[in-house]
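Dear colleague,

Please find below the structure that I am handing over to you. My notes on what was found in it follow directly after.

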There are 2 protein chains.
Amino acid sequence: MGKEKVKIAFVGLGGRGYGILKLLLSMEDIEVLGVSDLYEDRAEAGRKLVLETKGNNPVCTTDYRKLLEIKEVEAVITPSAWTSHGDICIDSMLTGKYVATEVGGATSVQQCWELVRTSERTGIPCMMLENCCYGREEMTILNMVKKGLFGELVHAEGGYRHDLRDEVALGRENRHYRQKNYLNRNGDVYPTHELGPIAKYMDLNRGNRMLSLTSTASKSVGINEWIRKNKSTDYDLYGSKFALGDVVTTVIKCAHGETIVLFHDTSLPRPYSRGNLLQGTNGIWNEDKAAVSIEGLTPAKNSWDHHSWQSLDEFYAEYEHPLWKQYREAGVKAGHGGMDYLVLRAFINAVRSRTDTPIDVYDTASWMAITTLSEDSVAMGSAPVAIPDFTNGKWIDRRPPVRGRYCLEEVCEDSMDNEW
Amino acid sequence: MGKEKVKIAFVGLGGRGYGILKLLLSMEDIEVLGVSDLYEDRAEAGRKLVLETKGNNPVCTTDYRKLLEIKEVEAVITPSAWTSHGDICIDSMLTGKYVATEVGGATSVQQCWELVRTSERTGIPCMMLENCCYGREEMTILNMVKKGLFGELVHAEGGYRHDLRDEVALGRENRHYRQKNYLNRNGDVYPTHELGPIAKYMDLNRGNRMLSLTSTASKSVGINEWIRKNKSTDYDLYGSKFALGDVVTTVIKCAHGETIVLFHDTSLPRPYSRGNLLQGTNGIWNEDKAAVSIEGLTPAKNSWDHHSWQSLDEFYAEYEHPLWKQYREAGVKAGHGGMDYLVLRAFINAVRSRTDTPIDVYDTASWMAITTLSEDSVAMGSAPVAIPDFTNGKWIDRRPPVRGRYCLEEVCEDSMDNEW
């Protein structure tokens with residue numbers, strides 16, 4: 001289409017970062033002008049990848065601030081270590097550059113306020129790249145929610161339920177930041193894969209908001225056990241004490257009375273699941289069953305129970321989100337079932353059109369805050385803690401976008417009636 | 001076998017009570033000497049049932065204390081309204097009669113202490129008839145836990161997830177106590193169908209105990225919506241305010257660091273589930289998937305996940321609880337898949353042998369206490385509350401029975417090696 005290319009600086013080239021960079025470089029309308037990582041070899045690998053794919057030689061540095069000095073750069077994408085997201089986002093906005101951060105939690109509420117204030121004062125958006133908001137299943141459920149199939153929403157559950165014992169135990173060998181976090185912090189360090197989609201279902205920051213939470217951590221034994229089974233006694237972490245409880249349960253209460261339960265569950269053997277469950281006055285979705293039950297639609301199968309489960313597959317024909325339908329027809333791109341591509345495009349398209357990002361700075365700040373507040377609650381014996389209103393009251397009048405905010409130009413027309 | 005019959009007084013003849021009485025009367029070694037209900041017609045229906053089934057005419061009264069005056073009565077069984085369980089149990093023990101209460105929660109911690117102290121001082125056992133402790137699936141999981149398949153237990157979830165909107169909304173017509181409770185109380189009013197089995201997995205009151213909990217209630221809209229849909233505006237409860245949140249989430253922390261999450265979820269449309277999930281350092285059980293994943297046993301099916309689910313059916317051959325195996329071979333009796341019969345027999349056999357009940361007064365008191373403590377936490381904005389140690393330190397040395405405590409003479413030999 002001969003469009004101007006969007007000029008990007010890329011910060012953070014670990015395993016996930018390298019993968020995202022590759023996906024980004026597969027897009028025609030992208031130019032990567034700079035790459036950075038704290039490890040020189042990783043930054044260099046990123047530079048090579050850009051050169052080989054696109055033919056240009058990007059600035060390569062271990063200090064991301066050098067990239068912010070490149071005037072042409074319009075946007076920063078940062079899949080860096082969790083604890084660096086805040087500073088990189090703030091510094092990017094202060095130099096007038098759109099910024100997208102990979103998922104992760106905050107280490108203080110103050111940091112979340114700074115994100116919000118910096119964005120408000122500079123007018124520059126800040127978006128969390130919460131790919132699960134763009135999952136096919138999640139978007140179909142969102143569409144069903146907005147069409148009223150679940151009735152009034154009351155309760156949601158979800159989790160990051162993923163056996164990461166090897167990644168954590170081998171973190172030093174792999175230079176993965178997860179290990180240091182698990183050794184030192186105790187709380188839900190990674191809440192957004194489930195919270196992001198739930199926030200969209202429940203209109204958080206747009207007519208609703210999170211009010212308070214409690215967090216409770218189980219004992220921490222899973223990773224130690226893994227190390228005992230898989231490593232010898234001279235392994236440097238043999239017998240180390242991991243601060244992070246194996247399962248951290250967080251219960252959030254919302255302004256309109258909804259409850260949200262999050263599970264961080266990554267230190268025990270188990271099949272992967274985001275454990276989503278959504279309940280309203282007219283129906284329920286259970287991800288582990290890949291099924292819903294909608295009153296008035298789902299037929300009863302047993303004499304002793306007037307509700308039955310019905311495969312979600314039966315709903316795609318009518319309720320698949322229009323964005324996903326077009327995306328499938330155009331050919332789904334790689335990356336966690338296609339959602340990595342969609343979330344990146346949502347960001348790129350916002351940069352291109354100079355509009356706000358569909359996951360905005362209030363979403364980003366409030367979702368990131370759950371981590372630090374969860375740590376606070378665990379530290380205080382599961383005491384309830386208040387969740388700040390990062391919109392300072394604007395959530396009362398803000399509404400979910402009527403159309404277009406999730407639109408991706410490759411797969412949908414601007415004129416499409418994308419009604420949520 | 002020509003054994004002496006066990007002489008029973010039966011208190012509470014609502015729908016559930018009538019069903020249990022019927023089941024009880026099907027047993028040869030039982031004699032029911034008295035029946036009672038606050039409603040005369042219900043008591044009378046019970047009297048008729050006894051007369052027709054067994055040929056004797058039992059004392060029939062609206063005042064259960066009259067039945068405690070019958071000297072020959074050895075044991076009381078009470079499926080009465082929740083809020084009457086405490087008094088009936090205490091009065092029964094004070095007259096030297098074993099007592100079994102249907103499930104339900106307490107309205108004060110003091111009441112739980114009285115149960116414990118009365119039992120300790122009279123030497124008379126008090127058992128909650130938690131039938132789910134005797135479910136085939138739950139007992140198989142218990143057997144797998146005790147054989148070490150899950151490794152060290154870390155986390156459990158469960159719930160009473162059952163659409164009871166019609167029962168509650170029509171409670172006055174049906175004279176069901178649930179309605180008054182829902183109109184007035186807010187907390188987990190019915191926690192034991194999931195907590196009972198979990199308590200057995202985690203050795204609560206026998207080497208472990210519950211330390212504290214938080215409870216969070218969602219808004220209450222499900223029953224109102226049901227009434228609006230199914231009743232006209234002149235229905236007396238049209239527009240009534242139900243105090244009970246549609247979903248109440250309770251998070252319990254145990255002495256050895258385990259977490260237990262309970263969901264009370266009975267006011268929204270959904271298929272029935274007890275939503276059990278159990279996680280240890282070596283495996284996981286997910287009831288909604290009817291599956292487990294055990295490290296070292298369950299083969300991986302996907303290249304991207306080294307864990308897969310495996311149907312629990314594949315484990316029954318080797319791990320079905322011996323009690324259940326014998327029960328199946330002898331012919332499963334009616335009542336919630338057979339467990340109603342087993343839990344009643346466990347009580348009857350304890351009465352017969354003058355031994356303690358397998359679910360004892362400490363179990364009964366601590367499980368019932370969760371309800372009132374949950375109400376306290378909800379009332380205080382999800383503040384953590386302490387769970388009393390009803391054993392006064394005896395839990396440190398108490399151990400799960402090595403054998404025999406779950407044994408039912410009809411289906412298993414005393415000599416059976418029932419090793420937990």
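**Domains and interfaces**

Chain A is divided into two parts: domain 1, covering 6-132, and domain 2, covering 133-322 + 362-390 + 403-415. Please bear in mind that this is a predicted model.

I begin with the two domains of chain A. The C-alpha centres of domain 1 and domain 2 of chain A are 25 Å apart. Contact between the domains involves 27 residues of domain 1 of chain A and 31 residues of domain 2 of chain A. Together, domain 1 and domain 2 of chain A bury about 2600 Å², and carbon and sulfur atoms account for 63% of that area. On the side of domain 1 of chain A, the residues that lose the most area to domain 2 are A:W82, A:E130 and A:C132, which together make up 29% of what that side buries.

A:R175 and A:D41 meet through their side chains in a salt bridge, with an N to O distance of 2.8 Å. Across this domain interface of chain A there are also 17 residue pairs in polar contact, both residues being at pLDDT 80 or more. The elements of chain A that each supply at least two residues to the domain 1 side are α2 (40-54), α5 (109-122) and β6 (126-128). Of these, α5(A) gives the most, with six residues. By residue type, the domain 1 side of chain A that touches domain 2 divides into 14 nonpolar, nine polar and four charged residues.

I turn next to the interface between the chains. Here 57 residues of chain B are in contact with 57 residues of chain A. The two chains, B and A, bury about 4400 Å² between them, with 55% of it on carbon and sulfur atoms. B:K219, B:P271 and B:T281 supply 14% of the area that chain B buries against chain A, more than any other three residues.

Ten salt bridges are found by the rule across the interface of chain B and chain A. A salt bridge also joins A:R161 to B:E157, where the closest N and O atoms are 2.8 Å apart. Among the elements that give two or more residues to the chain B side are β7 (153-161), α11 (222-230) and β9 (247-254) of chain B. The greatest contribution to that side comes from β7(B), with five residues. The residues of chain B that touch chain A comprise 18 nonpolar, 21 polar and 18 charged.

With kind regards

Technical notes:
Residues are numbered from 1 along each chain as its sequence is written. Chains are lettered from A and ligands numbered from 1 in the order in which they are written. This is a predicted model: local features need pLDDT of at least 70, side-chain atom pairs count only at pLDDT 80 or more; totals for chains, interfaces and linings use all residues. Side-chain values use heavy atoms; hydrogens and water are left out. Contact means heavy atoms within 4.5 Å. Buried area is the accessible area (1.4 Å probe) that two parts lose on being put together, summed over both. A salt bridge is a side-chain nitrogen of Lys or Arg within 4 Å of a carboxyl oxygen of Asp or Glu. Helices (H or I, at least four residues) and strands (E, at least two) are DSSP runs, numbered from the N terminus. Ala, Val, Leu, Ile, Met, Phe, Trp, Tyr, Cys and Pro count as nonpolar, Asp, Glu, Lys and Arg as charged, and the others, Gly among them, as polar. Domain bounds come from an automatic or database domain assignment. A polar contact is a pair of N or O atoms within 3.5 Å; within protein, one must be able to donate a hydrogen and the other to accept it, and residues adjacent in sequence count only if both atoms are side-chain atoms.
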